[in-house]
Amino acid sequence: MVVDSHLVLGGDPVGAGVGLGALGPLPVAQMIALGPLPDAQMIALGLLPDAQLIANGLVFSSIIVLGSVGLSLVYDIADFPNFAHGDLMTVGAYATLAVGGFYVALPFPVAVVVGTAAATAVAVGTHWLVFDRMDVGPLELLIASIGVAFVYRAVLMQAFTSGSQSYDVGGRSPIPALRTVFDVALTYRQLVILAATVLLVVGLHVFLQYTTMGRKMRATSANGSLAKVSGIRTGRVVLVMWVVGGVLAAVGGVFLGLETLVRPRMGFDLLLVLFAAVILGGIGSVYGAMLGGVVIGMVHELTPWIPLVPTRYDKALAFLIMILILLVRPSGIMGGGTSR
Amino acid sequence: MSTTGLEYDGADLGKDALLRVEDLRKEFGGIVATDATLGVERGSLTGLIGPNGAGKSTLFNLVSGFLDPDAGRVYLDGVDVTDRRPDEIAQRGLLRTFQTPRTLEGMTVRESLLVAPFDQPGESILPLYFQPGSVTDTERELLGRAQQLLEAFEIDHLATTPSTELSGGQSKLVELARAMMTDPYVLLLDEPVAGVNPVLEAELTDHIRRLNDRGVTFLVIEHDMDFIMDIADPIIVLNQGRVLVEGSPEAVRTDERVLDAYLGGVS
Amino acid sequence: MPTDDPAGEDRDAGTDEPRVGWRMPVSTWWAGIEARESRTLVGLAAFGVAVALAVYVGWLNVSYVLPLLGLAGMFSLLTLGLNVQWGYTGLVNFSVIAFWGIGAYSAAMTTAGSGSPTGLELHPIVGLLAAVVLSATLATLIAIPTLRLRADYLAIATLGFAEIVRIVINNERDYTAGSAGIAGIPGLFAWVPSALRVPLPGATLRVALPRALVEFAVVASMVLFVYLFVRRLQLSPWGRVQRTIRADEDLAQALGKNTYRFKLQSFVLGSVIMALGGVASVHLFINFVSPDSLDPIRTFYVWIGVILGGSGSNRGAVLGGLVVVAIREAPTLVRDQLTDAVFPPRVLTDALAPLVSPSAVPVLDVGALFARLNVGALQLFLVGALVILIVRYRSEGLLPPKRELVWSAALEDDDA
């Protein structure tokens, strides 16, 4: 079963914005005659997305950003699209579940740290056991990464059953202050997700810009062979890249589990959206992946507001954006010229 | 089109340089890789030398359509081919080889020669089922031609050898034979004797000369100075993307600017 | 290995040509086969004999084996299609099962009656045409933006496309019946009785499952037809250009080949073959289709079939269909058969009773261990682990393609 994230994310799915399509075409003359509209009216007419959709979009974007940054890093530095990245998020979600109630009941924040560490170890272990040992081209690595994704999921299904589960932690209720002031239903969980994502993204920025390892990583990303020639130990850079990608993916997986449910296919189902974000931002650009993640995440949640597109086609919309970008600007909005 | 690929048709190709490059410019990340104007005369065997990073391979990639230039034009036999795809440029008679020999995994030497000729009827799907006879006829003709070329290059014993099992020098010979399957007017060779043993190098030199005598125009990149000074005339020296000197091997050898450029490249 | 023997090279190239093969004595044919190939063929023959024996003595039921062989044939159509894309050209298509679904739903929506929301009840030929047109169009639409770019973009786009197809079919209930699926697709051989007894003088001849036999024969002939079709492509100059693109696309372009056109043809052709597989499977074995059949794991079953059979080899692809069914069935067999037959809990407990204390015995209940096995998880694990191992050890597969592929008629007449 695919759980529609709107139903869980949207505090008020029924009243969440009315599309222009639903209203039918509005005569332009009439719109002009109305003059500038007050915000409330613009929202009612579907000209502006309402605050609730934007809040949902930001929360979903956070999860996408966490996933797509790691995916972009691996794509760039290891030079293959890692189809196991979505399932790495799933591993993070389940590892946290395992120590957060399923097998052991640690306090949730501790469980997240332990689960993230475990998932990161899985990412690094996979690199050592599988990808690093293969003397093959990017296409073969890509195919092998699908195998890795399946092995992850198979082990999780055997260990945790194929069904859906949820974290035993509170914070599901909307924050009253936000509700009264902005008329937005944002839960405590969602606030934590937003804050933690901002922290992680800022942390990554500081790491990339102000530490020696971060600079080496950017150099390797810009030109792998040149970095090797200039004495950068690319092996260590690749290792750190898997750690960074693994941590972000695992935390993203936990957040996805908090927002929807913990399911064996949760990460694989998100893969298309992650790739759309990475390609939109431009493969090889971490900041592009962040921007792409925000755009795709917002579009995904704003579908109810976009005319003529039924909500159930939110993923199709992400796919469409990806195809359009490939048609008009394959290097992405912030990418260099690595289209060939 | 000749049947053996060994004779040059000698079609009328106009009076100007066969290959003209005008202000052809390419930057990578703000660094100018190539910014050159040069011409390759019909029937010449022109050498292209320069220190590492002088932009020789970039120039090849621009001329053969594998890179899009930032500015400038390329004329092949008076026709502007600047924005053409690599395959269109090849079809106009300009063939190139690559610096590292490209081996075709899963194909024998003979197969790798047969693939070269343009517009074979069997390259479209419908004739395979509705006119198999014409496909067979062409294949038979091409097989004969491949055999002749393999014999001419003295590699006919390698016909059914997998391409991946060739030595570096053998690959270079196969590349040359493969290019000749298409009756090219111009051949761009990227380091044809790099990593080739002296015996095969002498053979390659003979083959290139022989083809040049029959009318094929060559533009050759090579770091082996003895080889290029022996075989090429004129020689064009590139430095930092620009043409530094153009002239006979003697003139280039004695030009101090060339020496400076190479010393500058070394230090 | 360099060889100076001209007779040897012609024999090598000629073994793939049936006209030569039929004229050749069996011993010559066997001598021309490489060691790996002969091992595979021996193994295959042994497997066939074992299955036949098992059916004969009654261990396996014909009604179990025949549909599985039909399913293998259906998967062979998919592996043959993917082999054109991946084996010939090196294109990564993760939409295999989506194209199968496009074929299956085209047939279902045009030909089914009351079981379908559309209820058109048109002739099956209409469904076939719709499947071809729709699959070719959609394949072209995915290919246009991606084939000019780096090879991995096609992989990403097809992964997304497969998901979109599933979402659309699940949601457009007015046309596809959503998750309920479309039933009542006309079976092409419904007029063949499902059981048959022929009264002969003095005895009654019982023909086992005549309909299933006919359906299997139809699938087998489809596989043979597609096999002959794509093999001619492979041996042709067209296939030669595709192999060049797979090995080195730059070189193909430098030799004047419009690689975009060739890749487009290969992708569209392979996808149409997959859609034909979809049409066949809803008109033959099970006259029902639902989005459950579009699970992405099936795409990777097909991938296993192609790379384990031998990328680029059509015989390998046909064998791959059998491999797929084996992998799909193995986990169920392990759970159901081994649990009860091989490890009956009582036997083990009794055998071990003298050795261990009674309280430890339940721990050694292997049967219970297998019973807890999640079949879905084990199938997934098998597929994943096999993919990794094949790529890791650069396996050529069970029946790798011939060393040289030449338009054989040209070679043959050359000698004459």
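**Close-up views of chains A and C**

**View 1. Polar contacts between chain C and chain A.** Between chain C and chain A, 7 residue pairs are in polar contact across the interface, both residues of each pair having pLDDT 80 or more. The model is a predicted one. Several helices of chain C each give at least two residues to the side that touches chain A: helix 7 (124-146), helix 8 (151-171), helix 12 (249-254), helix 14 (296-309) and helix 18 (375-392). Helix 8 of chain C provides the largest share of that side, 15 residues.

**View 2. Extent of the interface of chain C and chain A.** Contacts link 47 residues of chain C to 46 residues of chain A. About 4200 Å² is buried between chain C and chain A, and 72% of this lies on carbon and sulfur atoms. On the side of chain C, the most area is lost to chain A by Arg150(C), Tyr153(C) and Ile156(C), which together account for 15% of what that side buries.

**View 3. A salt bridge of Arg150(C).** Chain C and chain A are joined by 4 salt bridges. Arg150(C) makes a salt bridge with Asp79(A), and their closest N and O atoms are 3.2 Å apart.

**View 4. A nonpolar surface patch with residues of chain A.** Phe102(A), Tyr103(A), Val104(A), Leu106(A), Val110(A) and Val114(A) make a nonpolar surface patch of about 480 Å². One of these residues, Val110(A), lies in helix 7 (residues 108-129) of chain A. Val110(A) counts as partly exposed because its relative accessibility is 38%, and partly exposed covers values between the under 20% of buried and the over 50% of exposed residues.

Methods:
Residues are numbered from 1 along each chain as its sequence is written. Chains are lettered from A and ligands numbered from 1 in the order in which they are written. This is a predicted model: local features need pLDDT of at least 70, side-chain atom pairs count only at pLDDT 80 or more; totals for chains, interfaces and linings use all residues. Side-chain values use heavy atoms; hydrogens and water are left out. Patches are made of residues with over 30% relative accessible area and no salt bridge: like charges are joined within 9 Å, nonpolar side chains (Val, Leu, Ile, Met, Phe, Trp, Tyr) within 5 Å. Accessible areas come from the Shrake-Rupley method with a 1.4 Å probe; for residues, only the protein chains shown count as cover. A salt bridge is a side-chain nitrogen of Lys or Arg within 4 Å of a carboxyl oxygen of Asp or Glu. Helices (H or I, at least four residues) and strands (E, at least two) are DSSP runs, numbered from the N terminus. Buried means under 20% relative accessible area, exposed over 50%, partly exposed in between (1.4 Å probe, protein chains only). Contact means heavy atoms within 4.5 Å. Buried area is the accessible area (1.4 Å probe) that two parts lose on being put together, summed over both. A polar contact is a pair of N or O atoms within 3.5 Å; within protein, one must be able to donate a hydrogen and the other to accept it, and residues adjacent in sequence count only if both atoms are side-chain atoms.
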